[in-house]
Each structure stands twice: as structure tokens, then as C-alpha cells.
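Dear colleague,

Please read them with the structure open beside you.

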Amino acid sequence: MNKAELVAEVQNSLGADTSKAAAERAVESVLEAVKKGIQNDQSVQIIGFGTFSVSHRAARQGINPQTGAKIQIAASKAVKFKAGAGLKAAVN
């Protein structure tokens, strides 16, 4: 499912009186709220769905696969998602 399909599904769930533009604004609002929540190294927990959190990756040494030369990889942050019980149950 891509974003357009997600918007269409939200529109169908909200009913026939909801426009596609309103459904798209609703989806964008949720995505922006999640983004703002994790920008400050906080986690966003949606009960029954899952938890978005920020993971810190330490600096490390890597190897360039083309040249074989050793390179230094800088420390970085990554977004992690852990599925909740409700989502796991829906998949299984």
C-alpha cells in the first residue's frame, strides 16, 4: 500500500461525506505528529499499533567495497519501529 492508497482507505473509513483532500490532510497530520515526536529523541507510542523511537548509532570503522580502503563512518541517528501486540496479532 502506498500513500495514495492509504489516503483512499482513510477516506472510505471516514465515510462518503469526507473529501479526498480532507483524508489527505488527516494522514499528513498524523505523519507530521509522529515526525515531530521523534525529532526530539522521544518515542511515539500508539497503543495497539507500535512504537517509533530514535536509535543512536556509534561511530565505527568500515571498508569501502570498491577500493578496500578503511573509512571512518560517523555517528548517526536512526528511526526504529517496534510493532505492538495488536499489529502483531493482525498479521498472524
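In what follows, a residue is called buried when its relative accessible area is under 20%, exposed when it is over 50%, and partly exposed in between. By that rule E28, with a relative accessible area of 28%, is partly exposed. Please keep in mind throughout that this is a predicted model.

I start with the charged pairs, of which the structure holds 2 as salt bridges. In one of them E28 is joined to K3, and the closest N and O atoms are 1.9 Å apart. Since E28 belongs to helix α2 (residues 20–39) and K3 to helix α1 (residues 3–14), this pair ties together parts that are 25 residues apart in sequence.

An α-helix has 3.6 residues a turn, so residues three or four places apart point the same way. Both members of the pair are partly exposed, E32 with a relative accessible area of 34% and K35 with 41%.

Helix α2 deserves a section of its own. With 20 residues at 1.5 Å a residue it should span 28 Å, and the distance between its end C-alpha atoms, 28 Å, agrees with this. Which residues of α2 are buried? They are A23, V27, V34, G37 and I38, and because they cover an arc of only 100 degrees around the axis, they are placed on the same side of α2. That buried set packs against α1, β1, β2 and β5 (76–83), whereas R25, K36 and Q39 are exposed on the other side of the helix.

The segments on either side of α2 can be described in turn. T18 sits in the loop between α1 and α2, and it counts as buried because its relative accessibility is 15%. Apart from neighbours within four places in sequence, T18 is in contact with Q11 and A23, the latter being one of the buried residues of α2. Just after α2, D41 adopts a positive phi of about 60 degrees. Q42, in the loop between α2 and β1, is partly exposed with a relative accessible area of 46%. If residues up to four places away in sequence are not counted, Q42 touches G37, F52, S53 and V54. The C-alpha atom of Q42 is separated by 34 Å from that of K70, although the two are 28 residues apart along the chain.

Lastly, there is a nonpolar patch on the surface, formed by I46, F49 and F81, which together have about 240 Å² of accessible area. F49 is placed in the loop between β1 (44–46) and β2 (50–57), and its relative accessibility of 36% is why it counts as partly exposed.

Note on methods
Residues are numbered from 1 along each chain as its sequence is written. This is a predicted model: local features need pLDDT of at least 70, side-chain atom pairs count only at pLDDT 80 or more; totals for chains, interfaces and linings use all residues. Side-chain values use heavy atoms; hydrogens and water are left out. Patches are made of residues with over 30% relative accessible area and no salt bridge: like charges are joined within 9 Å, nonpolar side chains (Val, Leu, Ile, Met, Phe, Trp, Tyr) within 5 Å. Accessible areas come from the Shrake-Rupley method with a 1.4 Å probe; for residues, only the protein chains shown count as cover. A salt bridge is a side-chain nitrogen of Lys or Arg within 4 Å of a carboxyl oxygen of Asp or Glu. Helices (H or I, at least four residues) and strands (E, at least two) are DSSP runs, numbered from the N terminus. Buried means under 20% relative accessible area, exposed over 50%, partly exposed in between (1.4 Å probe, protein chains only). The expected span of a helix is 1.5 Å times one less than its number of residues. The arc is that of the directions from the helix axis to the C-beta atoms. Contact means heavy atoms within 4.5 Å.
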